[in-house]
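Let's take a friendly walk through this model, with the sequence and the structure side by side.

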Amino acid sequence: MTYEPDFEGRVAADGTVRRVLKRALPTASGPGRVLRGMDRLERAAVLDGCAGRLADAVRALPLGRGRDVLHGRWLGHPVHPVMVQVPIGAWFSAAVLDAVPGQRRAAGTLIGVGLAAAVPAAVAGWVDWAELERRQMRVGLVHAAANATGVALYAGSLAARVRGRAFLGKALGFAGLTVVGVGGAIGGHMAYRQGSGVNHAASAPELVAPGWHGIGTVEDLPLGRAVRRHVGDVAVLAVREDADRVRVLLDACGHDVGSLSEGVVEDGRVRCPLHGCVFRLEDGWNVRGPATAPQPAFDTRVAGGRVEVRLRAPEAQDTGSPSHDET
């Protein structure tokens, strides 16, 4: 008796898979069900109440200077995406070892390492999440829920392995990796589609034309108070500190495009009204987060009573550098 493979069955199955993928993923005709679902999630205002209470609780945590550490201000960009590499790498490696005979103990060790590393990574993620805007917060809640489910599955996997239930431990581990993968994809949506954690001021060199630009007269600038002016189509914050010294920064905060000209100016610094980022007027240095990058600063000069500015070169915009004002 010869075996004849079910060729028609395989063709039908392949066709079904293609149809499912075509409906789920973006095509030339539209975004597909996955992106439509994410768009609906961004508009899910029903999550705002829960998100608001959680954000208030996270902001109330007595973290002190540790809050900026968790934001990644010391690194120059958010630290959460870096920290998550450890648990994800450990769990993926554990899945590989689970497919290799005789590696049960090593796989269990890696799962334990991943669980330990997931705790600080989650704390950093929550601290960042509490300073996002509503659409990002809504998606972030689902991202966190997926990751929490993955952690629970891996905790169950480790417990099963300790009790000698190897098959259950492997099954829970593979399930955990799947859920964490979904959570990672949602996190990617937040970062790359919604712009969570990116430096929104990074495009300043492409938006501001080279050379000097007039922003008005010195007399038009109130002493010690922030006002908005424009360099071409780009809004800037201008603060007159004395008779002929003017400080100018890009107005849109790099953290989440809050208007710095609507913020509070005090002790040579400006605080963004949106999430409390503090920048030094002299050079744009981010004194306090959640902003992780300095704010683009402008050189200034006064010529014939008029204030002229030019975007400061990145290499000249350094921490603690002397003023670049010109008269």
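## A sheet and a histidine

Val-248 stands opposite Phe-298 in β9. This is a predicted model, where local features need pLDDT of at least 70, side-chain atom pairs count only at pLDDT 80 or more, and totals for chains, interfaces and linings use all residues. Residues are numbered from 1 along each chain as its sequence is written, and side-chain values use heavy atoms, without hydrogens and water.

Phe-298 also has a bridge partner in β10, namely Leu-311. Strands here are DSSP runs of E with at least two residues, and helices are runs of H or I with at least four, numbered from the N terminus. Two strands pair if DSSP finds at least two bridges between them.

| Pair | Residues | Bridges | Sense |
|---|---|---|---|
| β4 and β9 | 246-250 and 297-303 | two bridges | antiparallel |
| β9 and β10 | β10: 306-311 | six bridges | antiparallel |

The hairpin of β9 and β10 has two residues between the strands, and Gly-304 there takes a positive phi near 60°.

These strands belong to an open sheet of six, in the order β1-β10-β9-β4-β3-β2, with antiparallel pairing. Because β1 (213-217) and β2 (226-231) each have a single partner strand, they stand at the edges, and one side of each lacks a neighbour in the sheet.

Now for the histidine: His-80 lies in helix α5 (residues 80-83). Its relative accessibility is 17%, so His-80 counts as buried (under 20% relative accessible area, with exposed over 50% and partly exposed in between, using a 1.4 Å probe and protein chains only). Leaving aside residues up to four places away in sequence, His-80 touches Ala-121, Ala-124, Gly-125, Asp-128 and His-143, where contact means heavy atoms within 4.5 Å.
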